[in-house]
Amino acid sequence: MTPPVPGFAEAAGHAWRTLGLTWSASRGLTILIAALTVFVALLPALALYLSKLVMDGVVTAMDSASPADRDLAQLWVAAEAATLAVLLAARRLLTFYKTRLHAELGFAVTSLILRKSAALSLAQVEDAAVQQQFLLARQYAASRPYNLVNRLFDAAQQGLTLASVAALLAGFSPWLFLLVVAGGLPLFIGNLHFAGTAYRFYTGRSPQMRERSYLESLVTTEAAARERLHFGFGDELLRRYGELFHSLHADDSALHARQAWIASALGVLSSAVFLGGKVWIVWVTIGGAISLGQMVMLVGLLKQGQANVSSLMAAFNGVVEDLLYVANLFAVMELPEEDRSSGATAGPDPEDGLRFDKVSYSYPGRKRPALDAVSFHLPHGSRLGIVGANGSGKTTLVKLATGLYAPDSGRVTLDGLDLRDWQRAALSRRLGVMFQPYMNYKLTARDNIAAGRGLAETDAASLARAARLGLAEELIAELPSGLDTRLSRHFLDGHDLSGGQWQRLAMARAYLNDEADILILDEPTAAMDPAAEAEFMQRPLDGKSVILISHRLSNLRHADQIIVLDKGKRIEMGSHDTLIAQGGLYADLFESQADPYREG
Ligand SMILES: Nc1ncnc2c1ncn2[C@@H]1O[C@H](COP(=O)(O)OP(=O)(O)OP(=O)(O)O)[C@@H](O)[C@H]1O
């Protein structure tokens with residue numbers, strides 16, 4: 001998907017907004033750069049005027065042989081030299097401040113993107129189009145907004161210099177100024193055409209770029225190394241990577257070649273126009289219509305004007321191209337955010353617990369709903385088991401039960417209030433969750449548990465309690481620096497964990513919040529050893545309610561209710577004994593799992 005190209009008014013709005021971003025990133029630097037830009041812009045015309053005075057002064061001194069005229073000519077030389085020296089110093093200073101602005105603006109824009117990303121809903125994060133917008137915005141966060149601002153300053157500088165050149169040229173002949181502008185037009189139009197083409201070209205191939213970085217990661221990351229080495233598909237990955245690179249490179253080369261040919265032809269045309277102007281100036285000087293000093297100044301002005309026009313055009317073309325990328329950045333900023341910072345912290349019926357009322361949810365682009373009119377009630381202090389084949393909707397149910405997705409139809413309520421109306425932080429306090437898949441944070445063991453309370457500073461007693469309930473006490477005690485051990489081999493003194501150990505930390509994270517009265521656990525013991533699993537399953541509820549998803553049906557035997565999902569629908573519901581007595585899918589699955597043990 002190629003992001004749309006903005007119209008003029010919208011583009012001007014984006015340019016203004018980018019300048020606003022720059023202003024808020026650093027007012028001091030913006031003012032300094034603006035002041036220096038004006039200063040640097042006006043000096044070239046002054047230098048050229050001084051060069052005219054030098055030349056005319058020399059001719060006068062040669063004619064009069066007077067020491068006063070000689071001194072005056074030398075004074076003009078010194079003034080011209082001083083002007084050029086100041087111009088050089090001011091340009092350096094400008095570059096220095098611009099480098100600092102680049103860093104500050106890059107940081108400000110990246111922070112905005114990260115803040116936005118953190119505020120999106122799960123459904124938005126999972127949307128491929130949103131992902132692509134973010135990828136593009138992040139990729140160009142440090143370069144494009146700065147380039148745009150830099151080019152706007154550049155354009156202002158070139159425009160001012162051109163205006164001062166025009167003022168001097170107009171004193172002699174307005175036609176010369178028109179010649180300067182006309183000479184720059186062909187290159188301008190050519191580049192303008194290519195700005196849009198290049199943007200569509202580079203953004204249109206984002207999917208291939210993502211594919212390329214994914215292939216790179218398969219060859220370089222530790223996670224993929226075991227299978228890659230064992231199954232031996234490293235060479236095939238490299239072949240695919242090479243093929244992709246060459247096809248992208250071939251497209252690049254074709255675009256650059258076309259740009260180079262057209263730019264050269266237009267460049268020759270521009271030079272021919274300027275050369276015509278120069279021939280005319282020389283001609284009228286020989287005819288005695290202007291002085292030698294005026295000739296030197298006019299040729300200089302023509303050259304300066306030519307350089308200004310092409311720089312102005314280049315800056316303008318660059319602005320147009322940058323605006324296309326910046327438009328994407330602002331489109332990302334405009335993505336709707338759901339504000340869950342306000343909302344209720346309690347429901348009207350504190351005894352009601354969690355309810356699904358005919359809840360349906362479909363993933364975008366999927367015909368069949370992942371959950372189809374599912375209802376159940378989880379009263380306080382009860383256990384609900386959920387069973388179903390792969391893809392039957394269990395994990396989707398967890399995302400709905402935690403308010404991460406909103407149902408397409410139906411309602412999910414906690415204590416009688418729709419989850420949409422709960423404050424996110426209050427929901428997070430009430431629900432202890434272990435997701436599938438859970439995250440293995442390559443941070444410290446402490447952070448892995450404290451993430452369960454938003455990574456807030458957590459007291460030792462709470463951490464110890466969570467570690468005990470997550471069956472992670474022993475493993476933490478064995479870590480070289482206990483809770484402060486960095487859990488990654490990629491850091492000095494880092495330490496990696498086994499699959500089951502990571503799962504224990506995820507469990508501790510889910511249990512950290514002791515206010516949580518509802519635990520939602522998606523395959524919480526899948527990676528644990530049988531002893532740990534048995535210990536966990538026999539644990540008393542202590543007044544909490546639990547939703548437990550497990551493929552091992554023996555774990556669900558003691559649940560008050562069990563729901564059997566099939567292709568998103570609730571096809572059976574009841575206690576273990578009821579479902580066995582019904583002789584439906586649950587009974588078949590239970591028998592098939594129990595049989596091998598019986599035979600043994
Ligand atoms: N992000 C997604 N985008 C589109 N479809 C999805 C997404 N996640 C899941 N699905 C689809 O929704 C359906 C239900 O998936 P879900 O993950 O809820 O199943 P599950 O019962 O948890 O499966 P498993 O036992 O394999 O974990 C499946 O058909 C799956 O392909």
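Hi everyone, let's start with a pair of helices: helix 6 (residues 144–172) and helix 11 (residues 292–334) pack at an angle of about 155°, and their axes are 7 Å apart. That angle makes helix 6 roughly antiparallel to helix 11, a label used for angles over 145 degrees, while under 35 is roughly parallel, 65 to 115 roughly perpendicular and the rest oblique. The axes here are lines fitted to C-alpha atoms, for helices over the stretch in contact, and angles run from 0 to 180 degrees between N-to-C directions.

Before going on, a word on the source. This is a predicted model, in which local features need pLDDT of at least 70 and side-chain atom pairs count only at pLDDT 80 or more, whereas totals for chains, interfaces and linings use all residues. Residues are numbered from 1 along each chain as its sequence is written. Helices (H or I, at least four residues) and strands (E, at least two) are DSSP runs, numbered from the N terminus.

Back to our pair. Helix 6 passes helix 11 in a left-handed crossing, meaning that the near helix is turned anticlockwise from the far one by less than a right angle; clockwise would be right-handed. Which classes of residue make up the contact of helix 6 with helix 11? There are 20 nonpolar, 10 polar and 4 charged residues. Nonpolar covers Ala, Val, Leu, Ile, Met, Phe, Trp, Tyr, Cys and Pro, charged covers Asp, Glu, Lys and Arg, and the others, Gly among them, are polar.

Now a second pair. Helix 8 (residues 206–220) and helix 10 (residues 234–286) have axes that come within 10 Å and cross at roughly 155°. So helix 8 is roughly antiparallel to helix 10, and the crossing is left-handed. On the helix 8 side, the contact includes Gln-208, Glu-211 and Arg-212; on the helix 10 side, it includes Gly-234, Leu-237 and Leu-238. Two residues are in contact if their C-beta atoms, placed from the backbone, lie within 7 Å. By class, this contact has 9 nonpolar, 2 polar and 4 charged residues.

Next, please find Phe-188 in helix 7 (residues 174–204). Phe-188 is partly exposed because it has 19 C-beta neighbours inside 10 Å. The cut-offs are 20 or more other C-beta atoms within 10 Å for buried, 12 or fewer for exposed, and in between for partly exposed. Leaving aside neighbours within four places in sequence, Phe-188 is in contact with Met-313 and Asn-317. Phe-188 and Leu-266 are 78 residues apart in sequence, yet 9.1 Å apart in space, C-alpha to C-alpha.

How many residues of helix 17 are buried? The count is 12 of its 14 residues, including Trp-502, Leu-505 and Tyr-511. Among the elements covering them are strand 6 (431–434), helix 14 (445–450) and strand 7 (518–522). Helix 17 (residues 499–512) reaches 20 Å from its first C-alpha to its last, close to the 20 Å expected, where the expected span is 1.5 Å times one less than the number of residues.

Let's finish with the backbone. Most residues other than glycine have a negative phi, and most peptide bonds are trans. Ala-373, in strand 2 (residues 371–378), has a positive phi near 50°. Leu-455 also has a positive phi, of about 60°, and sits in the loop between helix 14 and helix 15. Finally, the peptide bond from Gln-436 to Pro-437 is cis, with omega near -5°, and Pro-437 lies in the loop between strand 6 and helix 14.
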